[in-house]
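Reader: Could you walk me through this model and tell me what stands behind each label? I'd like the cut-offs as we go.

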Amino acid sequence: MNTVYAINGPVIKLQKTKSFAMREMVYVGEKKLIGEVIGVNDEFTIIQVYENTAGLKIGEKVEGTGAPMSVTLGPGIISDMFDGIARPLKKMVETDGCFVTEGSSISTVDFSREFDVTVTVKAGDILEAGMVYATCPESPLIVNKAMIPPGFGKCEVIWTAENGMYHPNDTIIKVKCGGEELSLDLCQRWPIRTPRPVKNRIPINTPLLTGQRVLDTIAPIAKGGTAAIPGGFGTGKTMTQHQIAKWCDDDIIVYIGCGERGNEMTQVLEEFSELIDPKSGKHLTDRTVLIANTSNMPVAAREASIYTGITIAEYYRDMGYDIAIMADSTSRWAEALREISGRLEEMPAEEGFPAYLPSRLSEFYERAANAITLSGERGSVTIIGAVSPQGSDFSEPVTQNTKRFVRCFLALDKSLAYARHYPAINWITSYSEYVDDFEDYYRENVGEDFLACRREINNLLLEENKLMEIVKLIGADVLPDDQKLVIETAKLIRVGFLQQNAFHKDDTYVPLSKQLLMMKAILKLYKKSLSLISAGRTFRDISGAGLFEKLIKMKYDIPNDKPEMFAAYEREIDETLDNI
(Lines give C-alpha, C1' and ligand atoms only; values in the text may rest on other atoms or scores of the structure.)
Protein backbone atom coordinates (compact mmCIF):
# COMPACT_ATOMS: atom_id res chain seq x y z
CA MET A 1 0.00 0.00 0.00
CA ASN A 2 1.47 3.38 -1.04
CA THR A 3 0.95 5.39 2.16
CA VAL A 4 2.79 8.19 3.94
CA TYR A 5 5.49 6.83 6.28
CA ALA A 6 7.22 10.07 7.42
CA ILE A 7 6.57 13.81 7.09
CA ASN A 8 9.25 16.51 7.32
CA GLY A 9 7.75 19.82 6.16
CA PRO A 10 7.31 19.64 2.37
CA VAL A 11 9.27 16.34 2.20
CA ILE A 12 7.48 13.05 2.80
CA LYS A 13 8.69 9.44 2.68
CA LEU A 14 7.01 6.23 1.59
CA GLN A 15 8.43 2.90 2.76
CA LYS A 16 9.11 -0.19 0.66
CA THR A 17 7.27 0.73 -2.51
CA LYS A 18 8.36 0.39 -6.11
CA SER A 19 5.25 1.95 -7.64
CA PHE A 20 6.73 5.35 -8.52
CA ALA A 21 9.26 6.62 -11.04
CA MET A 22 11.81 9.37 -10.53
CA ARG A 23 10.30 12.84 -11.20
CA GLU A 24 6.76 11.41 -11.38
CA MET A 25 3.93 13.72 -10.37
CA VAL A 26 1.81 12.32 -7.51
CA TYR A 27 -1.23 13.20 -5.41
CA VAL A 28 -0.66 13.03 -1.66
CA GLY A 29 -3.27 12.37 1.03
CA GLU A 30 -7.01 12.96 1.19
CA LYS A 31 -6.62 16.55 -0.09
CA LYS A 32 -4.68 15.29 -3.14
CA LEU A 33 -1.75 17.62 -2.60
CA ILE A 34 0.45 17.91 -5.70
CA GLY A 35 3.93 16.43 -5.28
CA GLU A 36 6.90 15.15 -7.24
CA VAL A 37 9.13 12.11 -6.66
CA ILE A 38 12.69 13.33 -6.04
CA GLY A 39 14.34 10.18 -4.65
CA VAL A 40 13.89 6.42 -5.06
CA ASN A 41 15.75 3.52 -3.40
CA ASP A 42 14.99 0.02 -2.11
CA GLU A 43 13.89 1.30 1.27
CA PHE A 44 12.22 4.69 0.68
CA THR A 45 10.52 6.80 -1.97
CA ILE A 46 11.01 10.53 -1.25
CA ILE A 47 8.40 13.02 -2.45
CA GLN A 48 8.56 16.81 -2.55
CA VAL A 49 5.10 18.30 -1.92
CA TYR A 50 4.34 21.62 -3.63
CA GLU A 51 1.60 22.58 -1.15
CA ASN A 52 1.24 23.12 2.57
CA THR A 53 1.44 19.75 4.37
CA ALA A 54 -0.18 20.98 7.60
CA GLY A 55 -2.79 18.41 8.64
CA LEU A 56 -1.28 15.58 6.57
CA LYS A 57 -1.23 12.32 8.56
CA ILE A 58 0.87 9.18 8.58
CA GLY A 59 -0.87 6.45 6.59
CA GLU A 60 -2.66 8.68 4.09
CA LYS A 61 -2.67 7.34 0.55
CA VAL A 62 -0.35 8.52 -2.24
CA GLU A 63 -1.49 8.12 -5.86
CA GLY A 64 0.79 8.21 -8.89
CA THR A 65 -0.08 9.82 -12.22
CA GLY A 66 2.42 7.96 -14.39
CA ALA A 67 3.67 11.25 -15.84
CA PRO A 68 6.26 13.84 -14.83
CA MET A 69 5.35 17.21 -13.29
CA SER A 70 3.76 18.98 -16.27
CA VAL A 71 1.89 22.15 -17.18
CA THR A 72 -1.03 22.50 -19.60
CA LEU A 73 -0.17 24.93 -22.38
CA GLY A 74 -2.85 26.58 -24.48
CA PRO A 75 -4.70 29.83 -25.23
CA GLY A 76 -5.63 32.01 -22.27
CA ILE A 77 -2.29 32.04 -20.45
CA ILE A 78 -1.44 35.58 -21.56
CA SER A 79 -2.58 38.31 -19.10
CA ASP A 80 -3.30 35.76 -16.37
CA MET A 81 -1.54 35.27 -13.02
CA PHE A 82 -0.45 31.85 -11.73
CA ASP A 83 1.08 30.31 -8.64
CA GLY A 84 4.35 28.37 -8.71
CA ILE A 85 2.74 25.22 -10.13
CA ALA A 86 0.74 27.07 -12.81
CA ARG A 87 -2.67 27.25 -11.13
CA PRO A 88 -4.51 30.47 -12.07
CA LEU A 89 -4.80 32.63 -8.96
CA LYS A 90 -7.75 34.70 -10.18
CA LYS A 91 -9.77 31.54 -10.83
CA MET A 92 -8.77 30.14 -7.44
CA VAL A 93 -10.06 33.31 -5.74
CA GLU A 94 -13.40 32.94 -7.55
CA THR A 95 -13.84 29.29 -6.55
CA ASP A 96 -11.93 28.86 -3.28
CA GLY A 97 -11.88 32.33 -1.70
CA CYS A 98 -9.03 34.74 -1.00
CA PHE A 99 -6.53 32.15 0.23
CA VAL A 100 -4.84 29.41 -1.79
CA THR A 101 -6.41 26.12 -0.72
CA GLU A 102 -4.56 22.81 -0.64
CA GLY A 103 -5.42 20.26 -3.27
CA SER A 104 -6.93 22.74 -5.71
CA SER A 105 -6.98 21.12 -9.15
CA ILE A 106 -7.85 24.12 -11.31
CA SER A 107 -6.25 23.77 -14.75
CA THR A 108 -3.76 26.30 -16.10
CA VAL A 109 -6.01 26.83 -19.13
CA ASP A 110 -9.62 27.95 -18.64
CA PHE A 111 -11.63 25.30 -20.54
CA SER A 112 -14.86 27.25 -20.14
CA ARG A 113 -13.57 30.16 -22.24
CA GLU A 114 -14.18 30.25 -25.99
CA PHE A 115 -11.76 31.43 -28.68
CA ASP A 116 -12.29 32.42 -32.31
CA VAL A 117 -10.35 29.63 -34.03
CA THR A 118 -9.09 29.70 -37.61
CA VAL A 119 -8.02 26.27 -38.90
CA THR A 120 -4.98 26.64 -41.16
CA VAL A 121 -4.79 23.09 -42.59
CA LYS A 122 -7.07 20.84 -44.61
CA ALA A 123 -7.68 17.11 -44.93
CA GLY A 124 -4.79 15.40 -46.69
CA ASP A 125 -2.08 17.76 -45.43
CA ILE A 126 1.05 16.14 -44.00
CA LEU A 127 2.17 17.68 -40.70
CA GLU A 128 5.23 17.28 -38.50
CA ALA A 129 6.10 18.28 -34.93
CA GLY A 130 5.93 22.02 -34.40
CA MET A 131 3.74 22.80 -37.42
CA VAL A 132 0.76 25.10 -36.86
CA TYR A 133 -2.71 23.75 -37.57
CA ALA A 134 -4.91 26.50 -36.06
CA THR A 135 -4.69 30.06 -34.73
CA CYS A 136 -6.80 32.17 -32.40
CA PRO A 137 -6.42 35.69 -30.92
CA GLU A 138 -5.41 35.23 -27.28
CA SER A 139 -5.22 38.94 -26.45
CA PRO A 140 -5.35 42.16 -28.49
CA LEU A 141 -1.58 41.77 -29.06
CA ILE A 142 -0.90 38.02 -29.18
CA VAL A 143 -2.16 35.36 -31.60
CA ASN A 144 -1.97 31.85 -30.18
CA LYS A 145 -0.87 29.10 -32.56
CA ALA A 146 -1.93 25.50 -31.99
CA MET A 147 1.05 23.31 -32.91
CA ILE A 148 1.67 19.61 -33.40
CA PRO A 149 3.34 18.62 -30.08
CA PRO A 150 7.08 17.79 -30.11
CA GLY A 151 7.78 14.09 -30.46
CA PHE A 152 5.16 13.45 -33.14
CA GLY A 153 6.30 11.90 -36.40
CA LYS A 154 4.77 12.66 -39.81
CA CYS A 155 0.99 12.57 -39.62
CA GLU A 156 -1.81 13.06 -42.15
CA VAL A 157 -4.78 15.31 -41.46
CA ILE A 158 -7.98 13.27 -41.91
CA TRP A 159 -10.54 15.75 -40.52
CA THR A 160 -10.73 19.43 -39.56
CA ALA A 161 -13.33 21.48 -37.73
CA GLU A 162 -14.93 24.53 -39.31
CA ASN A 163 -13.67 27.99 -38.35
CA GLY A 164 -15.57 29.34 -35.35
CA MET A 165 -15.74 29.60 -31.56
CA TYR A 166 -14.26 26.68 -29.62
CA HIS A 167 -13.18 25.80 -26.11
CA PRO A 168 -9.46 24.97 -25.64
CA ASN A 169 -10.23 21.25 -25.16
CA ASP A 170 -12.55 20.92 -28.20
CA THR A 171 -11.24 18.74 -31.03
CA ILE A 172 -9.90 20.93 -33.85
CA ILE A 173 -8.32 18.34 -36.16
CA LYS A 174 -7.91 14.58 -36.38
CA VAL A 175 -4.69 13.08 -37.67
CA LYS A 176 -3.39 9.63 -38.55
CA CYS A 177 0.10 8.87 -37.20
CA GLY A 178 1.64 5.44 -37.75
CA GLY A 179 -1.75 3.86 -38.31
CA GLU A 180 -3.21 5.40 -35.15
CA GLU A 181 -5.95 8.03 -35.26
CA LEU A 182 -5.48 10.96 -32.86
CA SER A 183 -7.63 13.96 -31.96
CA LEU A 184 -5.90 17.28 -31.30
CA ASP A 185 -7.35 20.29 -29.50
CA LEU A 186 -5.79 23.72 -28.77
CA CYS A 187 -3.74 22.49 -25.78
CA GLN A 188 -0.74 20.33 -25.03
CA ARG A 189 0.99 19.22 -21.83
CA TRP A 190 4.72 19.49 -21.27
CA PRO A 191 7.00 18.44 -18.36
CA ILE A 192 8.38 21.61 -16.78
CA ARG A 193 11.91 20.28 -16.20
CA THR A 194 12.40 19.21 -19.82
CA PRO A 195 13.50 21.89 -22.33
CA ARG A 196 11.24 22.07 -25.38
CA PRO A 197 13.19 21.09 -28.51
CA VAL A 198 14.11 23.42 -31.37
CA LYS A 199 15.35 22.75 -34.90
CA ASN A 200 18.65 24.49 -34.19
CA ARG A 201 20.13 27.34 -32.19
CA ILE A 202 21.41 30.31 -34.14
CA PRO A 203 24.13 32.84 -33.22
CA ILE A 204 23.11 35.74 -31.02
CA ASN A 205 23.51 38.98 -32.98
CA THR A 206 20.68 41.32 -31.93
CA PRO A 207 20.54 43.45 -28.77
CA LEU A 208 17.47 43.58 -26.56
CA LEU A 209 16.63 47.27 -26.87
CA THR A 210 15.37 48.71 -23.58
CA GLY A 211 15.76 52.47 -24.05
CA GLN A 212 17.89 52.55 -20.88
CA ARG A 213 21.23 54.11 -21.84
CA VAL A 214 23.37 52.28 -19.29
CA LEU A 215 21.97 48.99 -20.65
CA ASP A 216 21.83 49.64 -24.39
CA THR A 217 25.21 51.37 -24.58
CA ILE A 218 27.40 50.28 -21.67
CA ALA A 219 26.22 46.71 -20.92
CA PRO A 220 23.77 45.53 -23.61
CA ILE A 221 21.58 42.45 -23.15
CA ALA A 222 21.05 40.09 -26.10
CA LYS A 223 17.83 38.68 -27.51
CA GLY A 224 18.10 35.03 -26.60
CA GLY A 225 20.84 35.77 -24.08
CA THR A 226 21.19 35.78 -20.31
CA ALA A 227 21.68 38.57 -17.80
CA ALA A 228 21.94 38.84 -14.03
CA ILE A 229 20.97 41.87 -11.94
CA PRO A 230 22.56 41.42 -8.49
CA GLY A 231 22.03 44.00 -5.77
CA GLY A 232 21.29 44.39 -2.08
CA PHE A 233 18.02 45.49 -0.54
CA GLY A 234 16.74 48.80 -1.90
CA THR A 235 19.11 49.07 -4.86
CA GLY A 236 16.35 48.81 -7.47
CA LYS A 237 16.39 45.25 -8.85
CA THR A 238 12.62 45.04 -9.21
CA MET A 239 12.29 48.55 -10.64
CA THR A 240 15.04 47.87 -13.18
CA GLN A 241 13.20 44.74 -14.28
CA HIS A 242 9.95 46.74 -14.49
CA GLN A 243 11.60 49.28 -16.81
CA ILE A 244 12.98 46.50 -19.00
CA ALA A 245 9.60 44.74 -19.06
CA LYS A 246 7.78 47.91 -20.09
CA TRP A 247 10.20 49.21 -22.72
CA CYS A 248 12.08 46.23 -24.18
CA ASP A 249 11.28 45.26 -27.76
CA ASP A 250 10.38 41.62 -27.00
CA ASP A 251 6.86 40.42 -27.80
CA ILE A 252 5.93 38.77 -24.48
CA ILE A 253 7.04 39.25 -20.88
CA VAL A 254 7.01 36.40 -18.34
CA TYR A 255 7.47 37.84 -14.84
CA ILE A 256 8.30 35.32 -12.11
CA GLY A 257 7.94 36.62 -8.55
CA CYS A 258 9.89 33.89 -6.80
CA GLY A 259 9.81 34.17 -3.02
CA GLU A 260 9.21 37.92 -3.05
CA ARG A 261 7.00 39.76 -0.55
CA GLY A 262 3.27 39.56 -1.15
CA ASN A 263 2.79 43.34 -1.18
CA GLU A 264 5.55 43.63 -3.81
CA MET A 265 3.76 41.19 -6.10
CA THR A 266 0.52 43.08 -5.49
CA GLN A 267 2.30 46.25 -6.59
CA VAL A 268 3.55 44.49 -9.72
CA LEU A 269 0.03 43.31 -10.56
CA GLU A 270 -1.48 46.77 -9.99
CA GLU A 271 1.24 48.60 -11.93
CA PHE A 272 1.25 46.21 -14.87
CA SER A 273 -2.54 46.42 -15.16
CA GLU A 274 -2.34 50.24 -15.33
CA LEU A 275 0.69 50.54 -17.63
CA ILE A 276 0.09 51.21 -21.31
CA ASP A 277 2.36 49.33 -23.70
CA PRO A 278 4.29 52.10 -25.53
CA LYS A 279 4.61 50.00 -28.71
CA SER A 280 0.91 49.23 -29.20
CA GLY A 281 -1.03 51.64 -26.98
CA LYS A 282 -2.77 48.63 -25.36
CA HIS A 283 -2.46 47.47 -21.75
CA LEU A 284 0.91 45.93 -20.91
CA THR A 285 -0.89 42.92 -19.40
CA ASP A 286 -2.04 42.01 -22.93
CA ARG A 287 1.46 40.62 -23.52
CA THR A 288 2.42 39.62 -19.97
CA VAL A 289 2.28 36.40 -17.93
CA LEU A 290 2.70 36.74 -14.15
CA ILE A 291 3.82 33.88 -11.91
CA ALA A 292 3.53 34.71 -8.22
CA ASN A 293 5.05 32.50 -5.58
CA THR A 294 5.33 34.82 -2.61
CA SER A 295 7.48 34.27 0.46
CA ASN A 296 4.57 32.88 2.51
CA MET A 297 3.63 30.27 -0.12
CA PRO A 298 4.99 26.69 0.09
CA VAL A 299 8.75 26.68 -0.35
CA ALA A 300 8.77 23.67 -2.69
CA ALA A 301 6.49 25.46 -5.17
CA ARG A 302 9.00 28.31 -5.17
CA GLU A 303 11.56 25.87 -6.54
CA ALA A 304 9.11 24.79 -9.27
CA SER A 305 8.03 28.32 -10.25
CA ILE A 306 11.24 28.98 -12.20
CA TYR A 307 10.66 25.90 -14.37
CA THR A 308 6.98 26.72 -14.83
CA GLY A 309 7.90 30.17 -16.14
CA ILE A 310 10.59 28.98 -18.54
CA THR A 311 8.27 26.26 -19.94
CA ILE A 312 5.55 28.84 -20.68
CA ALA A 313 8.19 31.06 -22.33
CA GLU A 314 9.43 28.22 -24.53
CA TYR A 315 5.85 27.44 -25.58
CA TYR A 316 5.41 30.97 -26.98
CA ARG A 317 8.93 30.96 -28.41
CA ASP A 318 7.90 27.94 -30.50
CA MET A 319 5.21 30.14 -32.08
CA GLY A 320 7.92 32.52 -33.30
CA TYR A 321 7.74 35.17 -30.55
CA ASP A 322 10.57 36.85 -28.66
CA ILE A 323 10.13 36.31 -24.90
CA ALA A 324 11.81 38.06 -21.98
CA ILE A 325 11.75 36.31 -18.59
CA MET A 326 12.14 38.39 -15.43
CA ALA A 327 13.07 36.05 -12.56
CA ASP A 328 12.81 37.97 -9.29
CA SER A 329 14.68 36.61 -7.49
CA THR A 330 16.85 33.55 -8.09
CA SER A 331 18.34 33.95 -4.59
CA ARG A 332 14.95 33.07 -3.07
CA TRP A 333 14.79 30.08 -5.40
CA ALA A 334 18.25 28.98 -4.22
CA GLU A 335 17.10 29.37 -0.61
CA ALA A 336 14.25 26.98 -1.37
CA LEU A 337 16.80 24.48 -2.72
CA ARG A 338 18.80 24.91 0.49
CA GLU A 339 15.80 24.33 2.75
CA ILE A 340 14.66 21.22 0.92
CA SER A 341 18.25 19.92 0.77
CA GLY A 342 18.51 20.34 4.52
CA ARG A 343 15.30 18.39 5.10
CA LEU A 344 16.71 15.64 2.88
CA GLU A 345 19.83 15.59 5.12
CA GLU A 346 22.13 16.11 2.15
CA MET A 347 25.75 17.16 2.65
CA PRO A 348 25.79 20.99 2.53
CA ALA A 349 28.28 22.97 0.47
CA GLU A 350 29.26 26.63 0.83
CA GLU A 351 26.91 28.64 3.11
CA GLY A 352 24.63 25.61 3.41
CA PHE A 353 23.57 25.56 -0.22
CA PRO A 354 23.43 22.11 -1.85
CA ALA A 355 26.42 20.95 -3.89
CA TYR A 356 24.22 20.84 -7.00
CA LEU A 357 23.37 24.59 -6.88
CA PRO A 358 25.67 25.39 -9.87
CA SER A 359 24.16 22.65 -12.03
CA ARG A 360 20.59 23.78 -11.23
CA LEU A 361 21.47 27.39 -12.10
CA SER A 362 23.07 26.30 -15.37
CA GLU A 363 20.02 24.16 -16.25
CA PHE A 364 17.85 27.25 -15.90
CA TYR A 365 20.02 29.78 -17.73
CA GLU A 366 20.91 27.35 -20.53
CA ARG A 367 17.24 27.29 -21.55
CA ALA A 368 17.67 30.80 -22.92
CA ALA A 369 18.03 30.59 -26.69
CA ASN A 370 17.88 32.35 -30.02
CA ALA A 371 16.58 29.54 -32.18
CA ILE A 372 14.88 28.28 -35.29
CA THR A 373 11.78 26.49 -34.00
CA LEU A 374 10.46 23.13 -35.21
CA SER A 375 8.04 25.04 -37.47
CA GLY A 376 10.95 26.93 -39.10
CA GLU A 377 10.29 30.32 -37.48
CA ARG A 378 12.79 32.31 -35.43
CA GLY A 379 12.03 32.78 -31.75
CA SER A 380 13.98 33.64 -28.65
CA VAL A 381 13.90 33.41 -24.86
CA THR A 382 15.92 35.99 -22.93
CA ILE A 383 16.46 35.32 -19.22
CA ILE A 384 17.06 38.27 -16.86
CA GLY A 385 17.51 37.02 -13.32
CA ALA A 386 17.65 39.23 -10.24
CA VAL A 387 20.01 38.10 -7.47
CA SER A 388 19.62 39.28 -3.86
CA PRO A 389 22.96 38.76 -2.07
CA GLN A 390 22.73 39.39 1.64
CA GLY A 391 24.46 42.63 2.59
CA SER A 392 25.29 43.28 -1.09
CA ASP A 393 28.04 40.65 -0.82
CA PHE A 394 28.72 39.61 -4.43
CA SER A 395 31.12 36.89 -3.27
CA GLU A 396 28.29 34.71 -1.93
CA PRO A 397 27.57 31.43 -3.79
CA VAL A 398 24.41 32.35 -5.74
CA THR A 399 25.93 35.51 -7.25
CA GLN A 400 29.26 33.87 -8.02
CA ASN A 401 27.69 30.79 -9.62
CA THR A 402 25.21 32.90 -11.56
CA LYS A 403 28.13 34.94 -12.90
CA ARG A 404 29.56 31.73 -14.40
CA PHE A 405 26.48 31.11 -16.53
CA VAL A 406 25.44 34.57 -17.74
CA ARG A 407 27.16 36.80 -20.27
CA CYS A 408 25.74 40.09 -19.03
CA PHE A 409 26.33 41.18 -15.42
CA LEU A 410 24.47 44.30 -14.26
CA ALA A 411 25.79 45.05 -10.78
CA LEU A 412 23.57 47.38 -8.75
CA ASP A 413 25.36 49.75 -6.39
CA LYS A 414 23.94 50.74 -2.99
CA SER A 415 25.80 54.07 -2.96
CA LEU A 416 24.34 55.01 -6.36
CA ALA A 417 20.83 54.05 -5.25
CA TYR A 418 21.11 56.10 -2.05
CA ALA A 419 22.38 59.04 -4.13
CA ARG A 420 19.18 58.78 -6.25
CA HIS A 421 21.15 57.73 -9.34
CA TYR A 422 18.85 55.41 -11.29
CA PRO A 423 19.27 52.93 -12.79
CA ALA A 424 21.79 52.28 -9.99
CA ILE A 425 23.94 50.05 -12.24
CA ASN A 426 27.65 50.40 -11.54
CA TRP A 427 29.39 51.01 -14.88
CA ILE A 428 32.76 49.82 -13.54
CA THR A 429 31.75 46.41 -12.15
CA SER A 430 29.08 45.67 -14.79
CA TYR A 431 29.94 44.13 -18.13
CA SER A 432 28.48 42.52 -21.23
CA GLU A 433 30.20 39.88 -23.35
CA TYR A 434 27.71 40.45 -26.18
CA VAL A 435 29.10 43.77 -27.44
CA ASP A 436 31.29 42.28 -30.19
CA ASP A 437 28.40 40.08 -31.34
CA PHE A 438 26.37 43.22 -32.11
CA GLU A 439 28.98 44.90 -34.30
CA ASP A 440 27.09 44.28 -37.54
CA TYR A 441 23.79 45.34 -35.97
CA TYR A 442 25.21 48.66 -34.74
CA ARG A 443 26.85 49.36 -38.08
CA GLU A 444 23.70 48.68 -40.11
CA ASN A 445 21.04 50.13 -37.76
CA VAL A 446 22.68 52.83 -35.64
CA GLY A 447 25.94 54.14 -37.06
CA GLU A 448 29.46 53.12 -38.06
CA ASP A 449 30.95 54.96 -35.07
CA PHE A 450 28.66 53.66 -32.32
CA LEU A 451 31.17 51.15 -30.89
CA ALA A 452 34.02 53.64 -31.17
CA CYS A 453 32.03 56.25 -29.21
CA ARG A 454 31.05 53.65 -26.63
CA ARG A 455 34.69 52.66 -26.21
CA GLU A 456 35.76 56.28 -25.62
CA ILE A 457 32.96 56.86 -23.11
CA ASN A 458 33.98 53.71 -21.22
CA ASN A 459 37.64 54.76 -21.21
CA LEU A 460 36.77 58.15 -19.73
CA LEU A 461 34.76 56.48 -16.95
CA LEU A 462 37.59 54.06 -16.19
CA GLU A 463 40.14 56.90 -16.15
CA GLU A 464 37.93 58.90 -13.79
CA ASN A 465 37.71 55.90 -11.46
CA LYS A 466 41.52 55.80 -11.22
CA LEU A 467 41.80 59.57 -10.73
CA MET A 468 39.24 59.58 -7.92
CA GLU A 469 41.59 57.41 -5.86
CA ILE A 470 44.17 60.20 -6.12
CA VAL A 471 41.57 62.88 -5.38
CA LYS A 472 40.57 61.09 -2.16
CA LEU A 473 44.19 61.27 -0.99
CA ILE A 474 45.37 64.72 -2.04
CA GLY A 475 42.32 66.57 -3.42
CA ALA A 476 41.38 67.69 -6.93
CA ASP A 477 43.16 71.05 -6.90
CA VAL A 478 46.61 69.57 -7.50
CA LEU A 479 45.56 67.68 -10.64
CA PRO A 480 46.71 69.02 -14.01
CA ASP A 481 44.02 70.62 -16.20
CA ASP A 482 43.71 67.69 -18.60
CA GLN A 483 42.88 65.36 -15.69
CA LYS A 484 40.42 67.87 -14.27
CA LEU A 485 38.78 67.83 -17.70
CA VAL A 486 38.51 64.01 -17.54
CA ILE A 487 36.76 64.20 -14.14
CA GLU A 488 34.35 66.90 -15.33
CA THR A 489 33.56 65.00 -18.55
CA ALA A 490 33.00 61.77 -16.60
CA LYS A 491 30.60 63.65 -14.32
CA LEU A 492 28.75 64.81 -17.45
CA ILE A 493 28.58 61.18 -18.65
CA ARG A 494 27.35 59.93 -15.27
CA VAL A 495 24.70 62.58 -14.67
CA GLY A 496 23.79 63.59 -18.21
CA PHE A 497 23.98 60.19 -19.91
CA LEU A 498 23.89 57.21 -17.52
CA GLN A 499 21.33 58.63 -15.07
CA GLN A 500 17.74 58.52 -16.32
CA ASN A 501 14.42 59.89 -15.11
CA ALA A 502 11.63 57.33 -15.43
CA PHE A 503 9.01 60.05 -14.95
CA HIS A 504 10.17 62.27 -17.83
CA LYS A 505 8.46 61.55 -21.14
CA ASP A 506 11.67 61.94 -23.21
CA ASP A 507 14.09 60.40 -20.73
CA THR A 508 12.27 57.26 -19.59
CA TYR A 509 12.96 55.66 -22.98
CA VAL A 510 15.72 56.80 -25.37
CA PRO A 511 16.25 55.23 -28.82
CA LEU A 512 19.74 54.09 -29.80
CA SER A 513 20.03 56.81 -32.44
CA LYS A 514 19.64 59.53 -29.79
CA GLN A 515 22.03 57.72 -27.45
CA LEU A 516 24.69 57.88 -30.18
CA LEU A 517 24.09 61.62 -30.76
CA MET A 518 24.37 62.27 -27.02
CA MET A 519 27.70 60.44 -26.89
CA LYS A 520 28.97 62.39 -29.91
CA ALA A 521 28.07 65.72 -28.29
CA ILE A 522 29.85 64.76 -25.04
CA LEU A 523 32.96 63.56 -26.87
CA LYS A 524 33.03 66.65 -29.09
CA LEU A 525 33.06 68.88 -26.01
CA TYR A 526 35.80 66.76 -24.41
CA LYS A 527 38.08 66.64 -27.45
CA LYS A 528 37.65 70.32 -28.30
CA SER A 529 38.34 71.26 -24.66
CA LEU A 530 41.40 68.99 -24.55
CA SER A 531 42.84 70.67 -27.64
CA LEU A 532 42.36 74.09 -26.00
CA ILE A 533 44.15 72.91 -22.83
CA SER A 534 46.99 71.61 -25.02
CA ALA A 535 47.15 75.08 -26.58
CA GLY A 536 47.59 76.73 -23.19
CA ARG A 537 44.03 77.55 -22.10
CA THR A 538 43.02 76.71 -18.52
CA PHE A 539 40.35 74.31 -17.40
CA ARG A 540 38.74 77.11 -15.38
CA ASP A 541 38.18 79.11 -18.58
CA ILE A 542 36.54 76.13 -20.27
CA SER A 543 34.35 75.08 -17.35
CA GLY A 544 33.24 78.67 -16.83
CA ALA A 545 31.62 78.73 -20.27
CA GLY A 546 28.66 76.67 -18.94
CA LEU A 547 28.75 74.01 -21.67
CA PHE A 548 29.03 71.08 -19.27
CA GLU A 549 25.89 72.19 -17.39
CA LYS A 550 24.04 72.68 -20.68
CA LEU A 551 24.92 69.21 -21.98
CA ILE A 552 23.74 67.61 -18.72
CA LYS A 553 20.25 68.93 -19.53
CA MET A 554 20.20 67.86 -23.20
CA LYS A 555 18.46 64.59 -22.26
CA TYR A 556 15.46 66.72 -21.23
CA ASP A 557 15.79 69.59 -23.69
CA ILE A 558 16.00 67.52 -26.90
CA PRO A 559 12.88 65.43 -27.62
CA ASN A 560 13.41 61.91 -28.92
CA ASP A 561 11.73 62.79 -32.22
CA LYS A 562 13.89 65.87 -32.92
CA PRO A 563 17.47 64.63 -33.37
CA GLU A 564 18.21 67.60 -35.64
CA MET A 565 18.48 69.77 -32.51
CA PHE A 566 21.86 68.20 -31.74
CA ALA A 567 23.36 70.19 -34.64
CA ALA A 568 22.61 73.42 -32.75
CA TYR A 569 24.37 72.04 -29.67
CA GLU A 570 27.46 71.17 -31.70
CA ARG A 571 27.53 74.65 -33.27
CA GLU A 572 27.29 76.20 -29.80
CA ILE A 573 30.19 74.05 -28.59
CA ASP A 574 32.32 75.21 -31.54
CA GLU A 575 31.41 78.89 -31.21
CA THR A 576 31.79 79.06 -27.42
CA LEU A 577 35.12 77.25 -27.27
CA ASP A 578 36.51 79.17 -30.29
CA ASN A 579 35.87 82.40 -28.40
CA ILE A 580 37.89 81.35 -25.34
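Author: Let's start with an open sheet of 4 strands, ordered β12-β11-β9-β14 and paired in the antiparallel sense. The model is a predicted one, where local features need pLDDT of at least 70, side-chain atom pairs count only at pLDDT 80 or more, and totals for chains, interfaces and linings use all residues. Residues are numbered from 1 along each chain as its sequence is written, and side-chain values use heavy atoms, with hydrogens and water left out.

Reader: What makes β12 and β14 edge strands?

Author: Two strands pair if DSSP finds at least two bridges between them. β12 (143-147) and β14 (164-166) each have a single partner strand, so one side of each has no neighbour in the sheet. On average, neighbouring strands here are turned by 40° against each other, direction ignored.

Reader: How do you know that β11 and β12 pair?

Author: Strand β11 (residues 132-137) is joined to β12 by 5 bridges, against a requirement of at least two. The two run antiparallel, and V132 stands opposite M147 in β12. Strands themselves are DSSP runs (E, at least two residues), helices are runs of H or I with at least four, and both are numbered from the N terminus.

Reader: What makes β10 and β13 a pair?

Author: β10 and strand β13 (residues 155-160) have 2 bridges, in the antiparallel sense, and the rule asks for at least two. I126 has E156 in β13 as its bridge partner. These strands belong to an open sheet of 4 strands with the order β10-β13-β15-β16 and antiparallel pairing. Its edge strands are β10 (126-127) and β16 (180-184), each pairing on one side only.

Reader: On to helices. Why are α11 and α13 called oblique?

Author: The axes of helix α11 (residues 450-474) and helix α13 (residues 512-534) come within 10 Å and cross at roughly 55°. Axes are lines fitted to C-alpha atoms, for helices over the stretch in contact, and angles run from 0 to 180 degrees between N-to-C directions. Under 35 degrees counts as roughly parallel, over 145 as roughly antiparallel, 65 to 115 as roughly perpendicular and the rest as oblique. Roughly 55° falls in the rest, and therefore α11 and α13 are oblique to each other.

The crossing of α11 and α13 is left-handed, meaning that the near helix is turned anticlockwise from the far one by less than a right angle (clockwise would be right-handed). Contact here stands for heavy atoms within 4.5 Å. Residues making the contact include F450, I457 and L460 of α11 and L512, M519 and Y526 of α13.

Reader: What classes do the residues in the contact of α11 with α13 divide into?

Author: They are 10 nonpolar, no polar and 4 charged. Ala, Val, Leu, Ile, Met, Phe, Trp, Tyr, Cys and Pro count as nonpolar, Asp, Glu, Lys and Arg as charged, and the others, Gly among them, as polar.

Reader: And why are α13 and α17 called roughly parallel?

Author: The axes of α13 and helix α17 (residues 566-578) come within 10 Å and cross at roughly 5°. That angle is on the parallel side of the cut-off, and α13 and α17 are therefore roughly parallel to each other. Among the residues that meet are K514, L525 and L532 in α13 and F566, E570 and D578 in α17. This contact has 8 nonpolar, 1 polar and 6 charged residues.

Reader: Why is the pair of F394 and F409 edge-to-face?

Author: Rings of Phe, Tyr and Trp (its six-membered ring) pair if their centres lie within 6.5 Å; planes under 30 degrees apart count as stacked, over 60 as edge-to-face and the rest as tilted. The ring centres of F394 and F409 are 6.1 Å apart and the planes stand at 90°, so the pair is edge-to-face. The structure holds 12 aromatic pairs.

Reader: Which peptide bond involving S329 is cis?

Author: The one from D328 to S329, with omega near 10°. S329 sits in the loop between β22 (322-328) and α6 (330-343). Another cis peptide bond joins Y422 and P423, with omega about -5°.
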